[in-house]
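Me: I'm new to reading protein models and would like a close look at a single part of this one. Could you take me through the stretch that UniProt lists as a domain, and then show me what lies around that stretch?

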Amino acid sequence: MLNTFKEHINKFAEASNDEFDEIQKFFDLKDVAKKENLLEEGQICRHHYFVLSGLLRKFYINEKGMEQTTEFAIETWWMTDNIAYERKISSQFYIQAVEKSKILCITQDNQEKLVKAFPGMERYFRFVYQRAYAAAQMRIKYLYSLSKEEFYFQSIERYPEFAQRIPQYLLASYLGFTPEYLSEIRKKRIS
């Protein structure tokens, strides 16, 4: 399982077997139950999470009391509340396991120690953050330039295996509409 993480690191930076043995000591391995919250609104965000297996989501409770999903993370993806993590402040989000998951957790202090001890990890985290930022940019572009239907169809065409794993009500939350509306869109496409 940890080999997944080693392979991911080696996509962006090099880590020998001996180095990886030391790198993994900065992380905690955690099994997370389905629907278990790793972070809740109001808590100090202390961890950055790497998904070894499973599926996480980040969401907040909107002014109507509804959950609004803003992000998902599947295998080899990272997730945290970046602002709260970097500033060590209370989060405005929840992070929850959608499926039973196995994750690696690192604190900000350990991340700082890690990049000092292994400078190549600075490169690794830079690439991780750049990719996350690029994905966020594209999501914003699609939200403004595509209709909700186009956004949905593009999402399932580009990431079919991802869209199939996510419960439809959560996919609807992520795309910004009700589960009923998503059901209507799906029916239209079938007919």
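Reply: Here is a walk through that stretch, followed by a few stops elsewhere in the chain. One thing to keep in mind from the start is that this is a predicted model.

Let's start with the label. UniProt, in an unreviewed entry, lists residues 31-116 as "domain: Cyclic nucleotide-binding". In the model, that span is 17% helix and 44% strand, and its end C-alpha atoms lie 28 Å apart.

Now for the charged contacts. The structure holds 8 salt bridges. One of them brings together the side chains of Lys102 and Asp31, with N and O at 2.6 Å. Look at where these two sit: Lys102 is in strand E8 (residues 101-107) and Asp31 is in strand E1 (residues 28-32), so to speak a link between distant parts of the chain, 71 residues apart. Asp31 is exposed, with a relative accessible area of 51%, while Lys102 is partly exposed at 21%.

Next, find Arg57, which has two contacts to look at. In one, Arg57 forms a salt bridge with Glu67, and the closest N and O atoms are 2.4 Å apart. Arg57 lies in strand E4 and Glu67 in strand E5 (residues 67-73), so this pair ties together parts that are 10 residues apart in sequence. How covered are the two partners? Arg57 has a relative accessibility of 2%, so it counts as buried, because the cut-off for buried is under 20%. Glu67, at 37%, counts as partly exposed. In the other contact, Arg57 lies over the face of Phe59, 3.8 Å from the ring centre.

Strand E4 also brings us to the rings. There are 19 aromatic pairs in the structure. Tyr60 and Phe93 make one of them, with 6.1 Å from centre to centre and 85° between the planes, which is an edge-to-face pair. Tyr60 belongs to strand E4 (residues 56-61), and Phe93 to the loop between helix H3 (82-87) and strand E7 (94-97); the pair links distant parts of the chain, 33 residues apart.

Asp109 pairs with Lys88, and their closest N and O atoms are 2.9 Å apart. Asp109 is in helix H4 (residues 108-117) and Lys88 is in the loop between H3 and E7, so to speak another link between distant parts of the chain, 21 residues apart. Asp109 is partly exposed, with a relative accessible area of 44%, and Lys88 is partly exposed with 44% as well. Salt bridges that share partners also join Glu75, Glu99 and Arg165 into one network.

Ring pairs link a whole cluster: Phe5, Phe12, Phe20, Phe27, Phe50, Trp78, Tyr124, Phe125 and Phe127.

From there, move along to helix H5. Ile140 has its place in this helix, which covers residues 120-145. Together with Leu143 and Tyr144, Ile140 forms a nonpolar patch on the surface, with about 370 Å² of accessible area between the three. Ile140 itself is partly exposed, with a relative accessible area of 46%.

Last stop: helix H8. This helix (residues 168-175) is mostly covered, with 6 of its 8 residues buried. The buried ones are Leu170, Leu171, Ala172, Ser173, Tyr174 and Leu175. Just after H8, Gly176 takes a positive phi of about 90°.

Note on methods
Residues are numbered from 1 along each chain as its sequence is written. This is a predicted model: local features need pLDDT of at least 70, side-chain atom pairs count only at pLDDT 80 or more; totals for chains, interfaces and linings use all residues. Side-chain values use heavy atoms; hydrogens and water are left out. Patches are made of residues with over 30% relative accessible area and no salt bridge: like charges are joined within 9 Å, nonpolar side chains (Val, Leu, Ile, Met, Phe, Trp, Tyr) within 5 Å. Accessible areas come from the Shrake-Rupley method with a 1.4 Å probe; for residues, only the protein chains shown count as cover. A salt bridge is a side-chain nitrogen of Lys or Arg within 4 Å of a carboxyl oxygen of Asp or Glu. Helices (H or I, at least four residues) and strands (E, at least two) are DSSP runs, numbered from the N terminus. Buried means under 20% relative accessible area, exposed over 50%, partly exposed in between (1.4 Å probe, protein chains only). UniProt positions are given in the numbering used here, feature names are shortened, and annotations may be inferred rather than shown by experiment. Rings of Phe, Tyr and Trp (its six-membered ring) pair if their centres lie within 6.5 Å; planes under 30 degrees apart count as stacked, over 60 as edge-to-face and the rest as tilted. A charge sits over a ring if NZ of Lys or CZ of Arg is within 6 Å of the ring centre and within 35 degrees of the ring normal.
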